[in-house]
Amino acid sequence: MATPEAASLLRRRRHRMGETSMQERNGGCLCGAVRYTLKSEPRSIAICHCTHCQRQSGSLFSFNLVIREADYQQSGETVMFVDKGDSGHPVHRHFCGRCGSPLLAKTALMPGKVVVKAGTLDSMEGLQPQAEIYTDRAVAWLTPIPGAARFARNV
């Protein structure tokens, strides 16, 4: 049996070679009332430091996966809060109605995509942020993530 490190290396090699060895990723809210499955690899993986992500996460940033909406499958109901992003467009933020866990967001700027909150995944193995956005809002003492592109605002 391969070690977790060897399995992760093999997945990365296959991904670079164009092979589709995607294993489904599962996640859900804190209380378990909402569960989901991701059926594809993320289109992008980003840390967002905007003040809205800080407030909705209750932390310094939000760790986000951009997934095609068709590849996101959910059981259980969420409640939605319509926020207004810096672009002026609405951001539909979905939460568990029982425990309040933020699960995903949808925005008009990315039709056909959902932004999944990576902290709700059962495992974050193999996920490395590719970018940091709204770094002009990041706390000064937070170290940049090695290898991630940094943008003062959204890309």
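This is a short tour of the structure, one selection at a time.

Before you click, know that this is a predicted model, where local features need pLDDT of at least 70, side-chain atom pairs count only at pLDDT 80 or more, and totals for chains, interfaces and linings use all residues. Residues are numbered from 1 along each chain as its sequence is written, and side-chain values use heavy atoms, with hydrogens and water left out.

**Stop 1: the eight-strand sheet**

Switch to a cartoon view. Helices (H or I, at least four residues) and strands (E, at least two) are DSSP runs, numbered from the N terminus. Eight strands make an open sheet with mixed pairing, in the order E6-E7-E8-E9-E4-E3-E10-E11. Two strands count as paired if DSSP finds at least two bridges between them. Strand E6 (78–84) and strand E11 (149–150) are the edges; each has a single partner strand, so one side of each has no neighbour in the sheet.

Start at E6 and step across. E6 and E7 are antiparallel and share seven bridges; select Val79 and you'll find Phe95 of E7 opposite. Next, strand E7 (residues 90–96) pairs with E8 over five bridges, again antiparallel, and here Val91 faces Thr107 of E8. Five residues separate E7 and E8 in their hairpin, and Gly100 in the turn has a positive phi of about 85 degrees.

One more step: E8 and E9 run antiparallel, joined by two bridges. Pick Leu104 to see Val116 of E9 across from it. This hairpin also has five residues between its strands, and Gly112 in the turn has a positive phi of about 80 degrees.

**Stop 2: the three-strand sheet**

Now select E1, E2 and E5. They form an open sheet in the order E1-E2-E5, with antiparallel pairing. Strand E1 (25–28) and strand E5 (72–75) are at the edges with a single partner strand each, so one side of each lacks a neighbour in the sheet. Four bridges join E1 to strand E2 (residues 35–38), and Gly28 has Arg35 in E2 as its bridge partner.

**Stop 3: the nonpolar cores**

Show side chains. A nonpolar core is a set of buried Ala, Val, Leu, Ile, Met, Phe, Trp, Tyr and Cys residues joined through side-chain atoms within 4.5 Å. Buried means under 20% relative accessible area, exposed over 50%, and partly exposed in between (1.4 Å probe, protein chains only). The largest core has 18 residues, of which Tyr36, Leu38, Leu65, Tyr72, Val116 and Leu121 touch the most other members. E4 gives the most to this core, with three residues. Apart from it lies another core of five residues, including Cys48, Cys53, Ile133 and Tyr134.

**Stop 4: salt bridges**

How many salt bridges does the structure hold? There are seven, each a side-chain nitrogen of Lys or Arg within 4 Å of a carboxyl oxygen of Asp or Glu.

- Glu24 and Lys39: their closest N and O atoms are 2.7 Å apart. Glu24 is in the loop between helix H1 (4–16) and E1, and Lys39 in the loop between E2 and E3, so the pair ties together parts 15 residues apart in sequence.
- Arg35 and Asp122: these side chains meet at 2.7 Å, N to O, linking strand E2 to the loop between E9 and strand E10 (131–133), 87 residues apart. Arg35 is partly exposed at 31% relative accessible area, while Asp122 is exposed at 52%.
- Asp136 and Arg153: the closest N and O atoms are 2.6 Å apart. Asp136 sits in the loop between E10 and E11, and Arg153 in the segment after E11.
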